[in-house]
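Let's take a walk through this model together. Keep the sequence and the 3D view side by side as you read.

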Amino acid sequence: TTTIWDTIAAELNGIEIITDPTQLAKLSLDYYHFSPILEAQLKDKRGNLVVRPATEAEVMQVAKTCVKHKVPLTVRGAGTGNYGQCIPLEGGVILDTTKMNQIRWIKPGLACVEPGVRMAAFDKQAREIGWELRMAPSTYRTATIGGFIGGGSVGMGSITYGQLRDRGNLRALRVVTLEDEPRVIQLRGDEVQKVNHAYGTNGIITELEIPLAPAYPWAEIIVAFDEFMTAAQFGQALSDSDGIVKKMVSIHAWPIPSYFAALQSYLPQGKHCALLMVSETDLEPLQELVREYGGEITYNKTAQEASKGTSILEFTWNHTTLHARSVDPNLTYLQTFYFTLDRVEHMYHHFGDELAIHLEFLRFGGKAIPAGLQLFRFTTEERLNEIIRYHEENGTGIANPHTYILEDGGRKTIDPEQLAFKKLVDPYGLMNPGKMRAWSQMTND
Ligand code: FAD
């Protein structure tokens with residue numbers, strides 16, 4: 001008997017299609033399992049068919065077929081998201097963008113790319129003319145630019161350029177709609193926010209214009225400290241040092257350094273540490289700052305040396321959680337805007353050993369602030385919610401990584417602009433169904 005999926009596959013003749021169950025299972029999931037809550041909710045979700053279009057015209061063909069048969073369509077980049085962003089809750093077609101990996105053009109300060117371009121591969125090209133992405137997640141080597149826009153938010157570079165959502169960090173998009181007759185919509189300037197970080201619920205991005213940053217020779221440095229709060233104060237001071245060019249300021253309370261197996265010889269027992277990316281031309285002022293805070297530099301790689309091995313980037317941001325979980329799979333994490341060091345200190349003392357603090361500094365509204373991806377051993381959902389509540393009651397902002405609902409993770413409120421755009425481009429609600437609360441509420445009422 002032929003199924004609807006056979007029919008769809010036949011209609012998409014000429015486009016690469018994957019139906020092998022093992023591959024389908026792999027391409028249905030992401031890194032949702034960092035959360036025990038999401039693990040239970042999402043592990044069995046599967047798409048029915050993966051398609052790999054290579055051009056915008058093929059994307060339009062896929063869109064048209066999905067609309068014709070009214071089947072769900074979920075876009076997937078590299079599938080490295082942490083909240084099940086690209087996991088198809090209701091099955092259907094998975095549109096994998098990794099074949100759409102053309103760089104259209106790169107000029108000083110700006111580039112235009114297809115969504116499936118991997119970030120590290122892009123930078124390799126851009127650095128030939130002295131430029132690079134303004135910011136990138138620690139999954140930089142594998143993650144796609146489209147996936148970062150669809151589901152990511154910050155990373156290395158954010159200490160200078162802020163978050164993806166900040167005006168200017170995304171310039172223009174081409175988006176394919178899921179109307180009866182799919183079309184391409186071009187968005188420029190503030191209009192890109194209609195689709196920025198919408199988990200692929202309101203249009204398939206087929207091209208992006210992104211701003212670039214000057215590419216410095218980034219040295220990679222580790223500094224050890226006796227006291228956690230001294231390490232945190234050093235992190236703030238470096239972040240505030242406008243005369244020292246940097247790309248990453250990442251602070252880890254003991255025992256987190258003990259989870260970094262490959263770096264053990266640079267991480268003294270019991271010490272707290274800073275993992276840094278600083279322009280190698282600025283090492284002298286950095287060393288003076290380290291001295292002022294009584295730190296000890298234990299690792300210092302030039303940009304050239306750093307480009308050969310594993311970058312320390314892959315111990316920071318949510319890679320910290322990855323390493324921690326490889327030592328103890330019961331560890332999970334939170335994402336917190338502390339805004340001030342006073343709050344960091346308060347939480348450090350309040351939670352004691354229950355929470356291991358990991359800070360990433362980033363620019364927020366023009367100021368450098370500490371954000372965190374704290375680690376803790378998961379016990380119950382109730383305790384998790386208590387920890388979140390305590391943080392919120394004390395003025396920190398939590399971006400909850402234990403939900404797959406767009407609005408519940410980040411901003412906590414519905415985004416009327418994104419909802420309005422979804423009504424326009426996805427009138428049948430086929431795109432990544434179940435992820436946008438505003439849409440679910442509207443259609444259930
Ligand atoms: P995917 O996971 O494939 O997709 C993400 C979302 O975007 C999905 O909702 C998908 O539907 C949508 N999407 C993808 N392509 C399109 C398109 N063309 N059109 C419309 N929607 C689309 N994130 C950070 O922000 N900062 C970090 O530092 C960071 N560190 C991480 C570390 C680890 C170890 C892991 C596992 C994850 C980390 N992440 C981080 C999360 C994730 O890796 C990044 O956000 C990454 O940029 C996602 O890219 P991707 O290609 O894997 O996207």
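**A guided tour**

C273 is buried, with a relative accessible area of 2%; buried means under 20% on this scale, exposed over 50% and partly exposed in between, using a 1.4 Å probe and protein chains only. C112 is buried too, with a relative accessible area of 5%. As for disulfides, a search of the whole structure finds 0, where a disulfide is a pair of cysteine sulfur atoms within 2.5 Å.

Before going further, please note that this is a predicted model, in which local features need pLDDT of at least 70 and side-chain atom pairs count only at pLDDT 80 or more, while totals for chains, interfaces and linings use all residues. Residues are numbered from 1 along each chain as its sequence is written, and side-chain values use heavy atoms, leaving out hydrogens and water.

Now turn to the sheet. Its 4 strands form an open arrangement in the order 1-2-4-3, with mixed pairing. Strands (E, at least two residues) and helices (H or I, at least four) are DSSP runs numbered from the N terminus, and two strands pair if DSSP finds at least two bridges between them. At the edges sit strand 1 (16-18) and strand 3 (73-76), each pairing on one side only. From one strand to the next, the twist averages 25 degrees. Strand 3 runs parallel to strand 4 (residues 93-96), and 4 bridges join them. Here you can find V75 standing opposite L95 of strand 4.

Helix 4 (residues 56-69) lies across strand 2 (49-52), strand 3 and strand 4, and runs at about 170 degrees to strand 4. Such angles run from 0 to 180 degrees between N-to-C directions, with axes fitted to C-alpha atoms, for helices over the stretch in contact; contact means heavy atoms within 4.5 Å.

Which residues connect helix 1 to helix 4? The axes of helix 1 (residues 4-11) and helix 4 come within 10 Å and cross at roughly 150 degrees. I4, T7, I8 and E11 of helix 1 make the contact with Q61, T65, K68 and H69 of helix 4.

Finally, look at helix 8 (residues 228-240) and helix 9 (residues 283-292), whose axes come within 10 Å and cross at roughly 150 degrees. That angle makes helix 8 roughly antiparallel to helix 9. On the helix 8 side the contact involves F234, A237 and L238, and on the helix 9 side L286, L289 and V290.

How values were computed
Parallel < 35°, antiparallel > 145°, perpendicular 65-115°, else oblique.
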